[in-house]
Every structure is written in C-alpha cells, then in structure tokens.
Amino acid sequence: MTQYKLPAGTRRRSRFLRRRFLVTALIAAALIASLGTALAVVPPSAFGYTTVCHLAGTALQETLLLRPADAAAHIAHGDPQVRCADPIPASAFDPTVDLSKGYHVDEIRDNLYWITDGSYQMIFLVTRHGVIVVDAPPSLGANILNAIDDVTDKPVTHVVYSHSHADHIAAAGIFPESALIIAQKETADQLKAAQSGNRDFPFGTFVGGGPVPLPEITFKKHFRLQVGGQTLMLDYRGANHEPGNIFIYAPKQKVLMLVDVIFPAWSPFPDLALAEDIPGYFAAHDQALAYDFDTFVGGHLTRLGTRADVEEARAYMQDIRRNALAALQQVDFFAIAAETGFTNQWLLFTTYLDTVAQTCADMTIADWSGRLAAVDVVTYGHCWQVMESLRID
C-alpha cells in the first residue's frame with residue numbers, strides 16, 4: 001500500500017506549530033495556576049462554565065465565560081464566548097456573607113434579620129408573639145424557614161408583600177395558613193388579576209414558586225404594623241418600580257426596605273429594573289432619603305446598603321438624566337436621516353434613539369466606571385429608558 005508523505009518542510013512546520021501550540025497552552029495553564037486571583041478564575045458554575053478575567057487589552061478588563069477544558073486555550077487565543085465586562089468593585093460584596101448553606105441569615109439589629117441567597121434578599125422581624133416576614137423569594141424557598149429556625153422557634157404570624165412581582169413573593173405558600181398577609185391595595189388587585197385564570201402560564205410557578213396567597217389586610221397609603229413590641233411602617237408613595245411597591249420602615253432599628261429601585265454598590269438591574277413609572281422611580285430616591293435610616297435593604301444581591309449608598313444611587317441616576325437630556329440636545333436627527341433616508345421610518349428612528357442612548361451611556365460610564373458595579377453592562381438600557389421618559393412622560 002502506497003503511503004503519502006508530507007514534504008520535509010511541511011512536516012517541520014507542522015511540528016513547529018504543534019510545539020508552539022503546546023507551549024502556548026502550557027504558558028496559559030501556568031498563568032492560571034500562578035496568578036490565581038489576578039486571573040479571577042472561579043469554580044465552574046452549575047452550567048459547566050468557568051469565569052475568567054484575563055490580562056488581554058487593558059489589565060483585568062475582560063471577563064469570559066468558558067467551559068473549563070477550554071479556558072487555557074481561550075486565554076491564549078483571546079476567543080470570548082460572551083461579551084466582556086469590567087471587573088466588579090470589591091465594595092459591591094460583603095466579605096462576611098457566607099452562602100455555604102445556600103443562604104445567609106444575620107441580625108441587622110434589635111431582632112430584625114435579613115436573608116440572602118446571593119441574588120435575592122428579604123427580612124424578618126422577631127416579636128414576643130411571633131415572626132413578621134417581608135417577602136418570600138422562590139429562589140430562597142424552604143431556606144426561608146431554615147433561616148428563621150436558625151434564630152427563633154416562634155411561628156410566622158404576619159407576612160408583608162413589598163409588591164406583586166412573583167420573583168419576590170412566590171414562596172409565600174410555605175408559611176402557616178394562620179399567618180395574616182398584608183399588602184398595598186394595588187398589589188392585592190394585581191395578585192387577584194394574576195390568579196384569575198386568564199394566563200398562558202400560572203402566576204409564580206415560572207420562577208420556581210407556587211400559588212401566592214392573597215392578602216387579607218390591604219391599605220391605600222399607610223399602615224402601622226405593631227406586634228409584640230415591634231413596629232413596621234408600611235408606606236405607599238405612588239408608583240415607582242410598579243404600582244403598589246411600598247416602603248417598609250423599621251423605626252426602632254432604623255432600617256428601610258425598598259425593593260427593585262436601589263441596588264447598593266451596583267447599577268440597577270437592566271432598564272431601570274423594568275420600572276413601570278420612570279418619574280416615580282426617580283422620585284423614590286428622594287422619598288427614601290426622607291426616612292431616618294442607617295441600613296437599607298434593596299431586595300437583591302449579597303450586600304446591605306447604607307444611607308451613603310442610596311445617595312450615590314441617586315447621584316448616578318441624576319447623572320443619567322442630565323446626560324440623556326444633553327444627548328437629546330446634541331444628537332442631530334437630520335444628520336442621521338441623511339444616512340438612513342426617510343423611507344424606512346423604523347430604521348431612522350431606531351438609529352436616532354440608539355445613538356442618543358449610546359451618547360448618554362458613553363458620558364455616564366466615563367464618570368461611573370469603577371464606582372458602581374456593572375455600569376458598563378447596563379447603563380445603555382438605563383439611558384434608553386430615561387431618554388424615552390424625557391421625550392414622552
């Protein structure tokens with residue numbers, strides 16, 4: 001049988017390429033092993049990926065999500081699987097939070113506790129007669145009861161809903177049927193409508209929860225909940241994240257909870273955390289700062305907030321509004337029309353609005369990168385929402 005042999009020069013080049021690839025892979029592997037935290041290699045996630053920050057380009061400016069077996073090669077060849085993002089400032093995390101049990105529970109002060117799973121937060125208040133719970137994120141699920149059992153054997157007697165969104169309350173079915181459920185009237189009305197049966201998907205179950213018990217006590221503006229020597233003030237100051245989203249204030253502990261508006265040390269979830277009322281969303285920052293509080297609970301992530309965090313969040317949003325207004329004044333609509341023409345109206349307006357939002361984002365990110373986490377990822381969407389609100393609200 002005839003065998004084909006590569007020319008000598010080709011064989012030498014092939015061996016050279018193999019050696020170069022091997023050397024490159026070994027260097028990359030050594031970098032991963034030696035630099036450790038500098039490369040920010042963390043354990044594979046539940047989806048089988050490894051997060052890698054490497055030194056290509058600007059130092060520590062690229063975050064890659066890679067399959068572990070491919071991590072070294074991708075570092076060597078610079079082939080990202082997702083878009084890159086700036087490093088998260090250390091201030092965005094609380095180093096004392098231990099999630100080894102799947103949740104973290106800790107006392108804020110005077111028998112008021114908070115629970116987090118690293119993504120969602122809730123609080124509960126231990127009284128002489130029982131436990132008042134605020135929210136029930138389905139991501140925490142049964143760990144809510146585990147966390148309460150860690151600190152008290154008293155039963156849950158009252159449940160407060162911060163607002164109607166299922167990702168914050170769809171585990172409420174785990175509490176005793178005897179517990180009194182309290183919510184603002186808008187929230188109660190939305191929950192009734194959501195469970196009317198006219199839905200393509202059952203309310204709450206999509207995020208891993210279950211049927212949400214309807215409130216038995218509702219209020220329009222203010223409700224003072226006093227149980228066993230403890231007090232929670234529930235205040236509705238108008239729509240912000242959504243109609244019915246309330247301020248929960250513990251005056252004795254000087255703790256304020258407002259969900260899905262302010263994310264201490266982070267830029268908000270995309271598109272202003274899906275806020276349904278943009279002017280109300282802005283107003284909520286000033287309304288929050290009118291309370292006498294030391295600790296702020298925003299409903300998400302692994303860190304409690306301070307008054308300074310709320311002030312910083314307000315300053316960031318004020319900059320976005322100023323920059324969105326400046327971008328609306330600076331971007332020339334007709335210059336863009338000269339490029340796109342007027343025939344395809346959606347192409348024209350999409351290009352114009354995207355340019356305004358990007359101009360706003362560029363100005364904002366330049367000032368806020370490194371100050372709040374993920375401003376590079378989500379500021380464009382915030383700018384888009386604020387720009388549209390300035391145009392039409």
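**Entry 1: helices 10 and 11**

In which kind of crossing does helix 10 pass helix 11? I looked this up before anything else, keeping in mind that I am reading a predicted model. Helix 10 goes past helix 11 in a right-handed crossing.

I then noted the geometry. Two packed helices are described by the angle between their axes and the distance between the axes. Helix 10 covers residues 345-368 and helix 11 covers residues 375-392. Their axes come within 8 Å and cross at roughly 130°. That angle makes helix 10 oblique to helix 11.

Next I listed who touches whom. On the helix 10 side I found Leu 353, Asp 354, Val 356, Ala 357, Gln 358, Cys 360, Ala 361, Thr 364, Ile 365 and Trp 368. On the helix 11 side I found Val 375, Asp 376, Thr 379, Tyr 380, Cys 383, Trp 384, Met 387, Glu 388 and Arg 391. Sorting the residues of this contact gave me twelve nonpolar, three polar and four charged.

**Entry 2: helices 8 and 11**

Helix 11 has another partner to look at. At what angle do helix 8 and helix 11 pack? I read about 60°, with the axes 9 Å apart. Helix 8 and helix 11 are therefore oblique to each other. I also wrote down that helix 8 passes helix 11 in a right-handed crossing.

For the contact itself, helix 8 brings Tyr 316, Met 317, Ile 320, Arg 321, Ala 324, Leu 325 and Leu 328. Among the residues they meet in helix 11 are His 382, Val 386 and Leu 390. My tally for this contact is eleven nonpolar, two polar and two charged.

While I was in helix 11, I clicked on Val 377, which lies there. Val 377 is partly exposed, with a relative accessible area of 32%. How far apart are Val 377 and Ala 85 in sequence and in space? They are 292 residues apart in sequence, yet their C-alpha atoms are 6.6 Å apart.

**Entry 3: helix 7**

I moved on to helix 7, residues 278-289, and asked which of its residues are buried. My list reads Ile 278, Gly 280, Tyr 281, Phe 282, Ala 284, His 285, Ala 288 and Leu 289. What do these buried residues pack against? I found strand 12 (247-250), strand 13 (255-257), helix 6 (270-274), helix 8 (307-330) and, once again, helix 11.

The start of helix 7 was worth a look too. There, a side-chain oxygen of Asp 277 reaches to within 2.7 Å of the backbone nitrogen of Gly 280.

**Entry 4: His 241**

His 241 sits in the loop between strand 11 (230-235) and strand 12. Is His 241 buried or exposed? It is buried, with a relative accessible area of 2%.

I checked its polar partners. The side chains of His 241 and His 165 are joined by a polar contact of 3.0 Å. A polar atom of the His 241 side chain also lies 3.1 Å from the backbone oxygen of Ala 273.

**Entry 5: Asp 309**

Asp 309 is in helix 8. At 8% relative accessibility, I put Asp 309 down as buried, since the cut-off for buried is under 20%. Its side chain reaches the backbone nitrogen of Thr 306 at 2.9 Å. Leaving out residues up to four places away in sequence, Asp 309 touches Pro 264, Ala 265, Arg 303 and Leu 304.

Which phi values did I find for Asp 110 and Leu 272? Phi of Asp 110 is near 50°, a positive value in a residue other than glycine. Phi of Leu 272 is near 55°, again positive in a residue other than glycine.

Asp 110 is in the loop between strand 3 (104-109) and strand 4 (112-116), and Asp 110 is partly exposed at 37% relative accessible area. Leu 272 is in helix 6, where Leu 272 counts as buried at 0% relative accessibility.

**Entry 6: stepping back**

To finish, I looked at the whole protein. How many helices and strands does the protein have? I noted eleven helices and 15 strands. Of its 393 residues, 45% count as buried. Among contacts between residues at least 6 apart in sequence, 59% join residues at least 24 apart.

Notes. Residues are numbered from 1 along each chain as its sequence is written. This is a predicted model: local features need pLDDT of at least 70, side-chain atom pairs count only at pLDDT 80 or more; totals for chains, interfaces and linings use all residues. Side-chain values use heavy atoms; hydrogens and water are left out. Axes are lines fitted to C-alpha atoms, for helices over the stretch in contact, and angles run from 0 to 180 degrees between N-to-C directions. Helices (H or I, at least four residues) and strands (E, at least two) are DSSP runs, numbered from the N terminus. Angles under 35 degrees count as roughly parallel, over 145 as roughly antiparallel, 65 to 115 as roughly perpendicular and the rest as oblique. A crossing is left-handed if the near helix is turned anticlockwise from the far one by less than a right angle, and right-handed if clockwise. Contact means heavy atoms within 4.5 Å. Ala, Val, Leu, Ile, Met, Phe, Trp, Tyr, Cys and Pro count as nonpolar, Asp, Glu, Lys and Arg as charged, and the others, Gly among them, as polar. Buried means under 20% relative accessible area, exposed over 50%, partly exposed in between (1.4 Å probe, protein chains only). A polar contact is a pair of N or O atoms within 3.5 Å; within protein, one must be able to donate a hydrogen and the other to accept it, and residues adjacent in sequence count only if both atoms are side-chain atoms.
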